[in-house]
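This report walks through a structure from its overall fold to a few individual residues. The sequence and coordinates are shown first.

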There are 2 protein chains.
Amino acid sequence: MAEEVKVFGRWTSPFCCRVEIALRLKGVPYEYIEEDLSNKSPLLLEYNPVHKKVPVLVHGGKPIAESLVVLEYIEETWRRNPILPEDPHRRAMARFWTKFIDEKCMPIMWKSLWSEGEMQLKLMEETKENLSILERELNSKKFFGGNSIGLVDIAASFLSCWTEVLQEVAGISLFGEAKHPILFKWANEFMSSDAVKVCLPPKDELLSHFRAMKEGMSATKAGQN
Amino acid sequence: MAEEVKVFGRWTSPFCCRVEIALRLKGVPYEYIEEDLSNKSPLLLEYNPVHKKVPVLVHGGKPIAESLVVLEYIEETWRRNPILPEDPHRRAMARFWTKFIDEKCMPIMWKSLWSEGEMQLKLMEETKENLSILERELNSKKFFGGNSIGLVDIAASFLSCWTEVLQEVAGISLFGEAKHPILFKWANEFMSSDAVKVCLPPKDELLSHFRAMKEGMSATKAGQN
C-alpha cells in the first residue's frame, strides 16, 4: 500500500506522457487515472492545489506535481535504467536542454500553431531555429541520452505524434524529414521504442481532439468580433 | 587549473547572486567576472551560445548556464553543506517550490512593477497571492530548507534587497512586514546570513540602477507615442 504508484493524467498531454514513459522505462507498475480537465476531481485539487494541473504522481500517498520535478523524483526513487548520466557536468547539460525544450521550444511552437499573419511567420521561424538548435545537440547520437532514452528524450516527447498532428490541424509545416533530418530520424526511433509506443495516444483520436479544440478557438474569436 | 571555478555575472541580477550564494555556502573559492550586458564578452557568447545570458559557471573549463541548473550542479559536485534534503520526496518539494518561484512569483512580480492601470492592479493582486502561497509553505520554519539555507531560499533571493528597491522605484507596495510577516522575517534572517550578505549588491547602487532603468523605459514609451 505504502508503495502504490498512481498517475493523474490527461491522454492528450505530452507532459503526462513523460511521466508514464519514465515509469515504463524503469519497469514501475502504476495505476493511471484519467482527469476531466473541465471538471477536475477533488483529489487532483487536493494533490496539486497550487497549479491544479496534471500530471500528478502519487507515490505511497504523497503527491508530486510538475512533470520535470516528477521525472527527477522517479530517477532518484527507482535507480535502475537511469535517465540521467552519472557525471555532474553531463547531468547539468541534460537539465539545460530539458529546460530549453520547456521554456523555449514548446511554448513558441504552441504559439506558432494558433497565431496568424506576420506574427505566425515570425514564430514559425523561431520554432524552426529552436528545432535546429536541438538537432545540432543531437548530432550523431541515437538518442539525446546516448544509446538509450534519457531525460531530454522524454522531455522532447511532443516532437513525436503531437507535432505531426498539430501541424496538420494548424495547416503549417514546422518539422519534417527535409527540414530536420536528424531530429526526424530520432522521433521515429523514439516512437518505436517499446516503453514509448504504449504511452503515446492514438494519432486519429489526437487529431480529432485538436481539430475540435481549434473549432472552439475559432468560435471564441468569432464571438469576440 | 582543472578545478578552477569562474562565475560570469552581472551585479544587478538576483539569478547571478544565487550562484555566488551557493558557492559560498559550500566554501568553494571562485573568480567573479562582471559582464557588460550591452557589450557581451566573446567568452560569454562562447559559453552560453543558446541564451547569451548570465550567470554562467565555468568549472575546469566546462561551462554551465541557467541558474537553477548551476545550483543542481554545485550540489552534486561539492556535497558538503547540502542545499537539498536527502529524501527524494522532500527534494521533489524543494524543486517544485523553486520552479514556482521562477515561473510564477518572479515573472508576475516583475510585470507588476512596470505595468500601469487596471493591468497593474491585477498583477499586484496576483503577486501578493503568490507571496502568500510562499508564506504558507514557509510556515513555522526558519528557512524553506529547515534550519539552514537550501535551494528554495537561494531561489527566493530576489525577496531580499531587490524587492525592497524595486517597490521603491515603481512606487507600489507588494511585500512587507504587515502583509507577509513570516516571509518578511525570513527575508531579514536570510539577508543577515554570512554567506548571503557578502553576495548582495549595495542597496543604494541597486536603487540608482533601477531608477535609471525606469527612466529608460519611460523615454522609450514617450518616443513611441
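## Contacts and overall form

In chain A of this predicted model, residues 24 or more positions apart account for 71% of the contacts with a separation of 6 or more. The secondary structure of the chain comprises ten helices and four strands, and the order in which they follow one another along the sequence is β-α-β-α-β-β-α-α-α-α-α-α-α-α. The radius of gyration of chain A is 18 Å, close to the 17 Å that the globule rule gives for 225 residues, so the chain is as compact as a globular protein of that length. Along its principal axes, the C-alpha trace of chain A spans about 55 × 45 × 30 Å.

## Burial, surface and charge

Of the 225 residues in chain A, 53% are buried. The chain exposes about 10,700 Å², and carbon and sulfur atoms supply 53% of that area.

An unreviewed UniProt entry lists residues 3-82 of chain A as "domain: GST N-terminal". Over this span the chain is 38% helix and 21% strand, with its end C-alpha atoms 20 Å apart.

For residues 87-210 of chain A, the UniProt record, again an unreviewed entry, gives "domain: GST C-terminal". This span is 70% helix and 0% strand, and its end C-alpha atoms lie 40 Å apart.

S112(A) is located in helix α4 of chain A, which covers residues 88-114. Its relative accessible area is 0%, so S112(A) counts as buried, the cut-off being under 20%. Leaving aside neighbours within four places in sequence, S112(A) is in contact with Q120(A), L123(A), M124(A), T127(A), I172(A) and L174(A).

## Backbone features in the loops

The peptide bond from V54(A) to P55(A) is cis, with omega near 0 degrees, and P55(A) belongs to the loop between α2 (42-47) and β3 (56-59) of chain A. In chain B, the peptide bond from V54(B) to P55(B) is likewise cis, with omega near 0 degrees, and P55(B) lies in the loop between α2 (42-47) and β3 (56-59) of that chain.

Although E66(A) is not a glycine, it has a positive phi of about 80 degrees; this residue is in the loop between β4 (62-65) and α3 (67-77) of chain A, and it is buried, with a relative accessible area of 16%. K52(B), also not a glycine, has a positive phi of about 55 degrees and is found in the loop between α2 and β3 of chain B. At 39% relative accessibility, K52(B) counts as partly exposed.

Note on methods: Residues are numbered from 1 along each chain as its sequence is written. Chains are lettered from A and ligands numbered from 1 in the order in which they are written. This is a predicted model: local features need pLDDT of at least 70, side-chain atom pairs count only at pLDDT 80 or more; totals for chains, interfaces and linings use all residues. Side-chain values use heavy atoms; hydrogens and water are left out. Helices (H or I, at least four residues) and strands (E, at least two) are DSSP runs, numbered from the N terminus. The radius of gyration is taken over C-alpha atoms; the globule rule is 2.2 Å times the number of residues to the power 0.38. Buried means under 20% relative accessible area, exposed over 50%, partly exposed in between (1.4 Å probe, protein chains only). Contact means heavy atoms within 4.5 Å. Accessible areas come from the Shrake-Rupley method with a 1.4 Å probe; for residues, only the protein chains shown count as cover. UniProt positions are given in the numbering used here, feature names are shortened, and annotations may be inferred rather than shown by experiment.
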